[in-house]
Amino acid sequence: MRRSTIKDVAERARVSLKTVSRVINNEPSVTPATQARVTQAIAELDYKPDPSARNLRNGLSYVIGLVYDNPNPYHIIAMQKGVLAACRETGFGLQIQPVDSTSPLLADELVEFVQRSRLAGLVLTAPMSERTDLVAALAERGIALVRIIAATEDPDDGLPCIYVDDRSAAYEITEHLIQLGHRRIGFLWGGAQHRSSGERYAGYEKALKDYGITVDEQLAVPGDYTFDDGFRGARGLLALHEPPTAIFGSNDEIAAGVLAAAKSAGINVPYELSIAGFEDSPFSRQSWPSLTTAKQATDSIAKQATRLLIAGLRQYAYADQPVPPRNQGFLPQLVVRGSTAPPHPRNR
């Protein structure tokens with residue numbers, strides 16, 4: 001069966017090829033009635049624009065890239081889901097590229113990736129998005145980009161970004177544990193190269209100080225955003241002369257590792273040890289007991305970042321496009337589940 005073309009759509013909707021193109025590109029100069037007619041024709045014909053063909057026709061690229069380096073597969077899957085959703089609604093294609101975020105040649109590698117794949121721009125995830133040297137180098141070389149970063153407020157530095165307030169969410173998780181009665185609360189770091197890990201520690205530390213609890217450095221353990229580091233870190237904390245009554249893992253994989261360590265030691269969760277994570281990944285819902293965490297809505301964050309990038313590209317390409325949307329912030333929300341409870345009376 002022959003694949004439908006843009007000409008078929010134009011004939012079905014009784015409009016010009018240019019009008020169909022304007023609808024596909026979400027240009028504002030189409031009346032609602034015409035847009036509805038074209039949209040209906042696209043659906044009836046199951047028409048799917050070919051990004052590479054559009055590139056060749058008008059000299060513009062309709063493909064963007066998603067760049068990542070993160071040990072958490074659930075986080076990356078959620079990111080891809082959000083970026084793909086925005087690409088589908090705007091008619092853009094997507095190239096996905098894993099990278100080594102520590103590479104000194106990363107700027108050159110990304111420029112080569114953009115040029116080789118004829119990309120319109122990049123969605124940068126952490127930790128690349130938080131390397132100011134890398135972002136500046138890409139911007140200087142004319143690479144359109146949007147960053148997803150951990151920050152309490154808009155950096156307002158002239159470059160588009162979606163910022164996530166990890167610090168306030170981590171404060172809320174720690175406050176939840178304190179209000180349950182916990183005073184010795186362990187903290188397991190994620191990767192130090194990720195600003196989110198430092199932001200989450202800052203929220204944890206501030207909550208302790210605000211409630212008059214001394215910050216004990218031996219209760220904060222370095223690591224990465226992995227199950228294995230959660231397991232190892234928890235084993236170390238639980239072996240202390242005065243172990244914590246609660247442990248806050250910087251993400252749900254870490255918290256799941258803590259849960260495994262507790263069970264291997266015969267510790268009852270949550271009655272002998274409370275555990276909290278961050279991100280609301282499948283780990284948090286599939287564990288037993290399910291994990292108290294902060295719902296981060298990673299797919300929504302990635303979707304909005306992609307919309308922001310594409311809006312900026314259209315502003316540059318079409319003089320009649322409206323001003324792109326402003327940078328947007330997200331605040332992860334506390335989700336209380338079965339892994340947290342007041343400390344056992346003998347541990348108070």
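Modeller: Accessible areas here come from the Shrake-Rupley method with a 1.4 Å probe, and for residues only the protein chains shown count as cover. By that method the chain exposes about 16200 Å², of which carbon and sulfur atoms supply 52%. This is a predicted model, in which local features need pLDDT of at least 70, side-chain atom pairs count only at pLDDT 80 or more, and totals for chains, interfaces and linings use all residues. Residues are numbered from 1 along each chain as its sequence is written, and side-chain values use heavy atoms, with hydrogens and water left out.

Biologist: Why does Leu17 count as partly exposed?

Modeller: Buried means under 20% relative accessible area, exposed means over 50%, and partly exposed lies in between (1.4 Å probe, protein chains only). Leu17 has 44% relative accessibility, and therefore counts as partly exposed. Of the 348 residues of the chain, 51% count as buried.

Biologist: Where is Leu17 placed, and which residues does Leu17 touch?

Modeller: Leu17 belongs to helix H2 (residues 17–24). Contact means heavy atoms within 4.5 Å; leaving aside residues up to four places away in sequence, Leu17 touches Ile6, Lys7 and Ala10.

Biologist: Which residues of helix H1 are buried, and what covers them?

Modeller: In H1 (residues 6–13), the buried residues are Asp8, Val9, Ala10 and Ala13. Their cover includes H2 and helix H3 (32–45). After H1 comes Arg14, with a positive phi near 60°.

Biologist: Why is helix H10 called oblique to helix H11?

Modeller: H10 (residues 227–238) and H11 (residues 252–264) pack at an angle of about 50°, with their axes 7 Å apart. Angles under 35 degrees count as roughly parallel, over 145 as roughly antiparallel, 65 to 115 as roughly perpendicular, and the rest as oblique. The angle of about 50° therefore makes H10 oblique to H11.

Biologist: Which residues of H10 make the contact with H11?

Modeller: On H10 they are Phe227, Gly230, Phe231, Ala234, Arg235 and Leu238. The partners on H11 include Glu253, Ile254, Gly257 and Ala261.

Conventions. Axes are lines fitted to C-alpha atoms, for helices over the stretch in contact, and angles run from 0 to 180 degrees between N-to-C directions. Helices (H or I, at least four residues) and strands (E, at least two) are DSSP runs, numbered from the N terminus.
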